[in-house]
Amino acid sequence: MKAVIPAAGLGTRFLPATKAQPKEMLPVYNKPTIQYVVEEAVNSGIDDILIITGKGKRTIEDHFDRSFELEYSLNKKDKKEYLKEIQDITYMADIYYVRQKTQKGLGDAISCAEKHIGDESFAVLLGDTITYSDVPCTKQLLDVYEKYHGSTIAIERLPEYKIERYGIVDGVTVEDNIYKVNNLVEKPKLEEAPSNLGITGRYILTPDIFDKLNSIQPGVGGELQLTDAINEQENVYATTFEGSIYDIGNTKEWLKSSIDMALTHDDVHDELINFLKQKINEN
């Protein structure tokens, strides 16, 4: 199976930090956001990855390409650990790129992948969402897809204040933590939301999604919404994700994500906890 990573957004909520660099390249602790996403795909058994980029996203390509000068310098200074780390980034997967020509929404970004994907089901991992778990989120989705043979969406239970920011699932339970989807509602008002089950930015989509994308009209925000195309499919499932989800879509969530991810590293955990306690006491 192949994976598609949409990473063409302008990152306006991060300005001025994203004036000259993609938001997907903003570091979460010690890695750029998109590297976590690519690693999730690879750890789920996928090594053919298409990244949908846009103008000003060249640094994403550079990050996953070789850097001969850096490799030479690290080798000359006998910094073997760093050398292996950057070489592993280059060779972890076969990564391809295509540009989304205009900003017309997530649905339009996915449609850019049609020639690369062909007549196959494929995974979608949003480039500004990180997941953390023992079993990768995409692998969990693949397990459900293999059982039900329909498009499959990762979901999480949302607090009320987040519901208007997400696509929300209207579905019926078919087994523990798995739902047959009746409808997806894009960013509903709280009082109109059919549930508190929000889409988390991970999908397995069957190839008929491209025909649906070609036939839908612009939806919320005047954009082509992926949820509208999925609603046209006949066999769609959703499953709650077992693990942590980090939305890097705004500065507050990005900052919390970076702290939380840093706390998973033993070498900085205690020092960071003590620093945070000190700052809390000072304020």
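Trainee: Which element gives the largest share of the lining of the largest pocket?
Mentor: Strand E11 does, with 4 residues. Strands (E, at least two residues) and helices (H or I, at least four) are DSSP runs, numbered from the N terminus. This is a predicted model: local features need pLDDT of at least 70, side-chain atom pairs count only at pLDDT 80 or more, and totals for chains, interfaces and linings use all residues. Residues are numbered from 1 along each chain as its sequence is written, and side-chain values use heavy atoms, with hydrogens and water left out.

Trainee: What makes a space a pocket or a cavity?
Mentor: Whether the probe can get out. On a 1 Å grid over the protein atoms alone, a cavity is a set of points where a 1.4 Å probe fits but cannot get out, whereas a pocket is an open set with protein on both sides within 12 Å along at least five of seven lines; a lining residue has an atom within 4 Å of a point. Grid points are joined across faces, edges and corners, and the volume is the space filled by probe spheres set on the points. The largest pocket holds about 1,100 Å³.

Trainee: Which residues lie nearest the centre of the largest pocket?
Mentor: Among its 38 lining residues, they are Arg13, Lys23, Leu126, Asp128 and Lys187. Two or more lining residues come from each of helix H5 (106-111), strand E11 (197-205), helix H9 (226-231) and strand E13 (244-247).

Trainee: How many residues of that lining are nonpolar, polar and charged?
Mentor: The lining of the largest pocket has 13 nonpolar, 15 polar and 10 charged residues. Ala, Val, Leu, Ile, Met, Phe, Trp, Tyr, Cys and Pro count as nonpolar, Asp, Glu, Lys and Arg as charged, and the others, including Gly, as polar.

Trainee: Which residues line the largest cavity?
Mentor: Glu156, Lys162, Tyr166, Ile245, Asp247 and Glu253 do. By class, 2 of them are nonpolar, none is polar and 4 are charged. The volume of this cavity is about 30 Å³, and a search of the whole structure for cavities of 30 Å³ or more finds 1.

Trainee: Why is lysine 23 called buried?
Mentor: Because its relative accessibility is 12%, and buried means under 20% relative accessible area, exposed over 50%, and partly exposed in between (1.4 Å probe, protein chains only). Lysine 23 sits in the loop between strand E1 (2-6) and strand E2 (27-28). Its contacts (heavy atoms within 4.5 Å), apart from neighbours within four places in sequence, are Gly11, Phe14, Thr18, Thr33, Lys57 and Asp128.

Trainee: Why does lysine 19 count as exposed?
Mentor: Its relative accessibility is 72%, so lysine 19 passes the cut-off for exposed. Lysine 19 also lies in the loop between E1 and E2.

Trainee: What makes glutamate 232 partly exposed?
Mentor: Its relative accessible area is 47%, so glutamate 232 falls in the middle class. Glutamate 232 lies in the loop between H9 and strand E12 (236-240). Not counting residues up to four places away in sequence, glutamate 232 touches Lys212 and Ile216.

Trainee: How do you know that threonine 206 and glutamine 233 make a polar contact?
Mentor: Their side chains are joined at 2.9 Å. A polar contact is a pair of N or O atoms within 3.5 Å; within protein, one must be able to donate a hydrogen and the other to accept it, and residues adjacent in sequence count only if both atoms are side-chain atoms. Threonine 206, in the loop between E11 and helix H8 (209-215), is buried, with a relative accessible area of 14%.

Trainee: How do you know that strands E9 and E10 pair?
Mentor: Pairing requires DSSP to find at least two bridges between the strands, and E9 (residues 167-175) and E10 (residues 178-186) have 8, in the antiparallel sense. They form a hairpin with 2 residues between them, and asparagine 177 in the turn has a positive phi of about 65 degrees.
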